[in-house]
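Dear colleague,

Please read them with the model open beside you.

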Amino acid sequence: MCNSKTLGENMETIKKIKKDDLNTFLKFLDFLNEGIIVIGEDKIILYVNKYAEKVLNIKEGEGKHFSDVIKNNYLYSIISHEYEKDIQEEIIIDDKKFLVKIYHIDGKKFVHLTDITPFELYKQAKKDFVANVSHELKTPIAVLKGVIETLEAEEKDKGKKKFLKIAEKRVNQMNSLINDLLIIARLESKEDKLIKTKIKLKGFVNSIFEDLNPIAEEKNVKLINNIPENFVLYADENKISILLKNLIENAIKYNKVNGLVKVKAFKEKRYSVIEVEDTGIGIPKEALPLIFERFYRVDKSRSRNIGGTGLGLSIVKHIVEAHKGKLEVESQINKGSLFRIKIPN
Ligand SMILES: Nc1ncnc2c1ncn2[C@@H]1O[C@H](COP(=O)(O)OP(=O)(O)OP(=O)(O)O)[C@@H](O)[C@H]1O
Ligand SMILES: [Mg+2]
């Protein structure tokens with residue numbers, strides 16, 4: 001794909017080209033598989049390369065007002081913006097997806113079009129592949145898990161039992177990775193819609209606490225539910241359950257022995273706000289922008305002893321975005337972290 005800086009720099013170079021060279025340069029632009037349109041201050045089209053003519057079905061556009069030439073409504077509306085800020089948008093033209101970039105140089109608008117359909121198809125193929133493989137692995141892993149658990153429960157020999165425990169731990173890791181990948185695949189699928197209901201949050205969080213109590217007990221972490229009794233959240237129950245489980249599980253996993261996890265909720269303007277706060281190890285400042293990326297884990301050696309694959313927070317981010325909400329995090333090393341989600345009412 002085109003690098004915006006490079007094109008901007010190219011445009012600076014265009015200005016320096018001698019008049020004689022300009023025709024040669026414009027001929028070169030006709031060879032590009034990317035569209036270029038230059039519009040003057042008076043909205044008159046100064047230049048259209050061959051590719052842009054073909055894609056936008058423009059005939060002899062130069063010298064005409066752009067409103068007589070650009071027939072695609074969305075592209076027209078982007079070009080019509082009066083403000084001189086560079087713009088980047090994706091638009092559909094004849095079933096193909098294009099990236100449109102508009103640069104403002106010396107009062108002129110330089111419109112640059114790139115066909116990103118192959119890239120989009122590649123992204124979709126990658127998602128489909130991961131979803132299909134995860135789906136195919138789900139059943140064999142569930143069978144393996146069942147067999148290993150049964151063998152382990154019946155095994156008397158201490159040595160063999162130890163090996164079966166290791167196998168059980170690994171199969172559980174695979175199982176949760178596959179479950180996370182399937183959740184992501186579902187969230188990314190076009191068919192996935194929000195099913196919003198009124199959730200009585202206090203009881204809802206109590207039942208998540210019950211599910212996570214075994215891992216909290218291992219570290220003697222205290223779980224505190226400070227949500228008001230009558231607090232109602234209007235959201236997709238299934239997804240909010242996944243979201244809160246991930247945040248509360250992290251708050252326990254990355255906590256200290258005898259630590260605390262507090263969950264709060266309140267209304268603020270047009271949002272329902274939920275906070276999950278812990279007294280754990282904290283997250284370094286430079287890692288904060290990265291923790292929501294897939295497979296990112298702070299300090300891999302530290303995390304290795306703590307189970308997980310690094311998908312939890314990317315799922316959280318997906319769910320918040322699906323609700324058109326906001327996600328914030330504050331953290332202090334060795335003091336703790338606070339994850340805040342804001343869901344529109
Ligand atoms: N409450 C927290 N305190 C400190 N570090 C955290 C906290 N929550 C997340 N992190 C850091 O962010 C990383 C990413 O978190 P995320 O939940 O995505 O993955 P994970 O917990 O490693 O694995 P899983 O996919 O099982 O959730 C973690 O590996 C951890 O380093
Ligand atoms: Mg996690």
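The element that gives the most to the lining of the largest pocket is α6, with nine residues; helices (H or I, at least four residues) and strands (E, at least two) are DSSP runs, numbered from the N terminus. This is a predicted model, in which local features need pLDDT of at least 70 and side-chain atom pairs count only at pLDDT 80 or more, while totals for chains, interfaces and linings use all residues. Residues are numbered from 1 along each chain as its sequence is written, chains are lettered from A and ligands numbered from 1 in the order in which they are written, and side-chain values use heavy atoms, with hydrogens and water left out.

A pocket here is an open set of points, on a 1 Å grid over the protein atoms alone, where a 1.4 Å probe fits, with protein on both sides within 12 Å along at least five of seven lines, and lining residues have an atom within 4 Å of a point. The lining of the largest pocket comprises 47 residues, and Glu249, Asn250, Lys253, Gly307 and Gly308 lie nearest its centre. Among the elements that give two or more residues to this lining are α7 (201-218) and α9 (300-304).

Ligand 1 sits in the largest pocket, which requires that more than half of its atoms lie within 2 Å of the grid points. Around ligand 1 there are 20 residues, the closest being Asn250, Asp278, Arg297, Leu311 and Leu313, where near means that a heavy atom lies within 4 Å.

- An N or O atom in the side chain of Arg297 is 2.5 Å from an oxygen atom of ligand 1.
- For Lys253, a polar side-chain atom lies 3.0 Å from an oxygen atom of ligand 1.
- Gly310 instead uses a backbone N or O atom, 2.9 Å from an oxygen atom of ligand 1.

With best wishes

Definitions and conventions
A polar contact is a pair of N or O atoms within 3.5 Å; within protein, one must be able to donate a hydrogen and the other to accept it, and residues adjacent in sequence count only if both atoms are side-chain atoms.
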